[in-house]
Amino acid sequence: KKILDLFAGTGQIGITALEKGAESVVFVEIEKERIKDILKKIENKENTKTYSIDALKFLKNQKDEQWDIIFADPPYNYKLYDKLIKEGFRVLNEGGLLIVEHSDKVNVDDILSDHIIDSRKYGDTVITFWRK
């Protein structure tokens, strides 16, 4: 699977995907120091790419690239879930999975609601899944 790790932070989601056999992982994290830390942790860099850019700008710049799984973990004060989810869905392969982690105070149920397949609550965190 081709994985896109948005708001990558420590990169643990993408790194775990690589360890479990992902074909490739793209890490997008706006903080350059975090990208450097991610690169230090990755043993085989040939099937990875890293971008230090805003996640939404990254998505909007994608014309041809598509992914099988997109994981996004924006900060809890993030305000652009609607745009993030729609742009992420646009670059998702048919049958692909978009996974967004968010606060339980954020309601994303009305964004591409026909494609939501699951939503799981863990404390004050919710993980919502869309399938294309």
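**Entry 1: Lys2 and Glu65**

I started with Lys2 and looked for its partner: its side chain meets the side chain of Glu65 in a salt bridge, 2.7 Å from N to O. This is a predicted model, so I'm reading computed positions here. I then checked where the two sit along the chain. Lys2 belongs to strand E1 (residues 2-6), while Glu65 is in the loop between helix H3 (55-61) and strand E4 (67-72). The pair links distant parts of the chain, 63 residues apart.

Next I looked up Lys36 and Glu33. Their side chains also meet in a salt bridge, at 3.3 Å from N to O. Both lie in helix H2 (residues 32-41), three residues apart, which is about one turn of the helix. An α-helix has 3.6 residues a turn, so residues three or four places apart point the same way. Glu33, at 51% relative accessibility, counts as exposed, since the cut-off for that is over 50%. Lys36 has 46%, so Lys36 counts as partly exposed.

Which residues are linked with Asp104 in a network of salt bridges? I found Lys105 and Lys121. For Lys105 and Asp104, the closest N and O atoms are 3.8 Å apart. Lys105 is exposed because its relative accessible area is 74%. Asp104 has 31%, so Asp104 is partly exposed. I also noted the total for the structure: seven salt bridges.

**Entry 2: helix H4**

I went looking for buried residues and picked helix H4 (residues 81-90). Tyr81, Leu84, Ile85, Glu87, Gly88 and Phe89 are buried there. What covers them? The cover includes E1, H3, E4, strand E5 (92-103) and strand E7 (125-131). E1 is the strand that holds Lys2 from my first entry.

**Entry 3: the largest pocket**

Last stop: empty space. Rolling a probe the size of a water molecule over the atoms shows where empty space is left. The largest pocket has about 290 Å³ of it. Of the 21 residues lining this pocket, Phe7, Ala8, Gly9, Glu29 and Asp73 are the closest to its centre. I wanted to know what kinds of residue make up the lining, and I got eleven nonpolar, four polar and six charged.

Note on methods: Residues are numbered from 1 along each chain as its sequence is written. This is a predicted model: local features need pLDDT of at least 70, side-chain atom pairs count only at pLDDT 80 or more; totals for chains, interfaces and linings use all residues. Side-chain values use heavy atoms; hydrogens and water are left out. On a 1 Å grid over the protein atoms alone, a cavity is a set of points where a 1.4 Å probe fits but cannot get out, and a pocket is an open set with protein on both sides within 12 Å along at least five of seven lines; lining residues have an atom within 4 Å of a point. Grid points are joined across faces, edges and corners, and a volume is the space filled by probe spheres set on the points. Ala, Val, Leu, Ile, Met, Phe, Trp, Tyr, Cys and Pro count as nonpolar, Asp, Glu, Lys and Arg as charged, and the others, Gly among them, as polar. A salt bridge is a side-chain nitrogen of Lys or Arg within 4 Å of a carboxyl oxygen of Asp or Glu. Helices (H or I, at least four residues) and strands (E, at least two) are DSSP runs, numbered from the N terminus. Buried means under 20% relative accessible area, exposed over 50%, partly exposed in between (1.4 Å probe, protein chains only). Contact means heavy atoms within 4.5 Å.
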